[in-house]
Amino acid sequence: MTPAGRASAAIDVLTDLGARKRPASEALKDWGTAHRFAGSGDRAAIGSLVFDCLRQRASLGAVMEDDSPRALVLRALVSAWGMSPESVDTLFDGSRFAPDPLSDAERAGLARALSPDLPASVRGDYPAWLDKAFAAVFGVDAAAEGAALSVRAPVDLRVNTLKANRDKVLKALARFSPHPTAYAPHGLRIAPRQGPARTPHVEADAAHGKGWLEVQDEGSQIAAAMTGASPREQVIDLCAGAGGKTLALAAAMENTGQLYAYDANRMRLRAMFDRLRRAGARNVQVLEGGVDAGLAPLTGRMNRVVIDAPCTGSGTWRRRPDAKWRLTPEMLSARMAEQAAVLDAGASLLKPGGRLTYITCSVLPSENREQVDGFLARHPEFALKPWREAWEGAIEIGAPASADGSDETLLMTPRSHGTDGFFVATLERQA
């Protein structure tokens, strides 16, 4: 396909998304099925353009004074892909498979700069109904923090120390130009590609098949390390999902002790079994059954409880930009109820002196510090430990400031730490 044809396809996909209100991945899959002549490179480029439009939908529409799919694609080619307005004008020439020529208003939009007087939610590309939440956590930096959540993310990898070391994986993936992460001790990063360039498919590499690495954001790696999980302990990953943090915990425990993996939704655990075998993680027991059957026998026995709670995923908007525009207050309320419930369930599993690590991939205070405060009010036998204590016990590099300025809990963000948005709180059950 020509670049102009790819632009037309991106407009079609965005039009479908606006009409059917569904995940972008589904719309892109359906488009590919209906247009089998498109090669893998074409599909990747179209997907990249669609996601770039969604990442910056508010600011692109504002600067164009038009939020139609065509206007978003036009401006994304300039703002996100680095094309000149003149090049875009040439691309949209109305020839076969190409979009119609530009209007004078569209040319003016491509030359226009984003006004600093626009609301923070527009400049930061987040839903306007979250303005108060972003202002509460970030203050005057709300727009800048939102904008950092609106660009492409790198590919972060965690070296599986049960099978390899960082130097070994660096050599194996040299063609992707990885480099060590800034903070995570076993992390590697592959810089994000720009424009139509394809993101490296690292999971197809032999090193991944051998169990030497897992794809995992650096923020997630840091959060797992800050749990302090150590050899010979009794640990439970209470919202294990597909097992990303479970695998990191197993490596930190050096395949000793007992690591339990549980999730209220058993379907989420299905992907874990192959990952455990590939990684060589042998100290993991996957629990099945409801809360009573699965967790009751562990009451009061755990050294550490790890809760990577269900959340809105606002910290991962770089990777799932369509999710931020589909998020509703009702969805946020549902996640908050689930978070409180899983925190209460985890509290009973700890022995005196044990630690509960509460983690979300969210930047919203209602899912983060407000949940911690609510938990402490319900469970006075717990105390909040300063986050730097957990950091210094797990990370050799000095601790940067939390994105919200807190000394008690840690909030990591793309702007402040180069990671996805992650929140970490350490709660200790008093003896």
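Analyst: Helices (H or I, at least four residues) and strands (E, at least two) are DSSP runs, numbered from the N terminus. This is a predicted model, where local features need pLDDT of at least 70 and side-chain atom pairs count only at pLDDT 80 or more, while totals for chains, interfaces and linings use all residues. Residues are numbered from 1 along each chain as its sequence is written, and side-chain values use heavy atoms, leaving out hydrogens and water.

User: Happy to start with Ala-133: which residues is it in contact with, leaving aside neighbours within four places in sequence?

Analyst: Ala-133 sits in helix H9. Contact means heavy atoms within 4.5 Å. With those neighbours set aside, the partners of Ala-133 are Leu-364 and Pro-365.

User: At roughly what angle do the axes of helix H1 and helix H3 cross?

Analyst: Axes are lines fitted to C-alpha atoms, for helices over the stretch in contact, and angles run from 0 to 180 degrees between N-to-C directions. The axes of H1 (residues 3-20) and H3 (residues 40-55) come within 9 Å. Their crossing angle is roughly 55 degrees.

User: How is H1 placed relative to H3 at that angle?

Analyst: Angles under 35 degrees count as roughly parallel, over 145 as roughly antiparallel, 65 to 115 as roughly perpendicular and the rest as oblique. The axes cross at roughly 55 degrees. H1 relative to H3 is therefore oblique.

User: Which residues have the most contacts inside the largest nonpolar core?

Analyst: Such a core is a set of buried Ala, Val, Leu, Ile, Met, Phe, Trp, Tyr and Cys residues joined through side-chain atoms within 4.5 Å. The largest one has 41 residues, and among the elements giving two or more residues to it are helix H9 (131-138), strand S8 (302-308) and helix H18 (329-347). Its residues with the most contacts inside are Phe-134, Ile-236, Leu-238, Val-305, Ile-307 and Leu-356.

User: Is Phe-97 buried or exposed?

Analyst: Phe-97 lies in the loop between helix H6 (85-91) and helix H7 (104-111), and has a positive phi of about 75 degrees although it is not a glycine. Buried means under 20% relative accessible area, exposed over 50% and partly exposed in between (1.4 Å probe, protein chains only). With a relative accessible area of 56%, Phe-97 is exposed.

User: And Asp-125, buried or exposed?

Analyst: Asp-125 is found in the loop between helix H8 (120-123) and H9. It is not a glycine, yet its phi is positive, about 55 degrees. At 3% relative accessibility, Asp-125 counts as buried.
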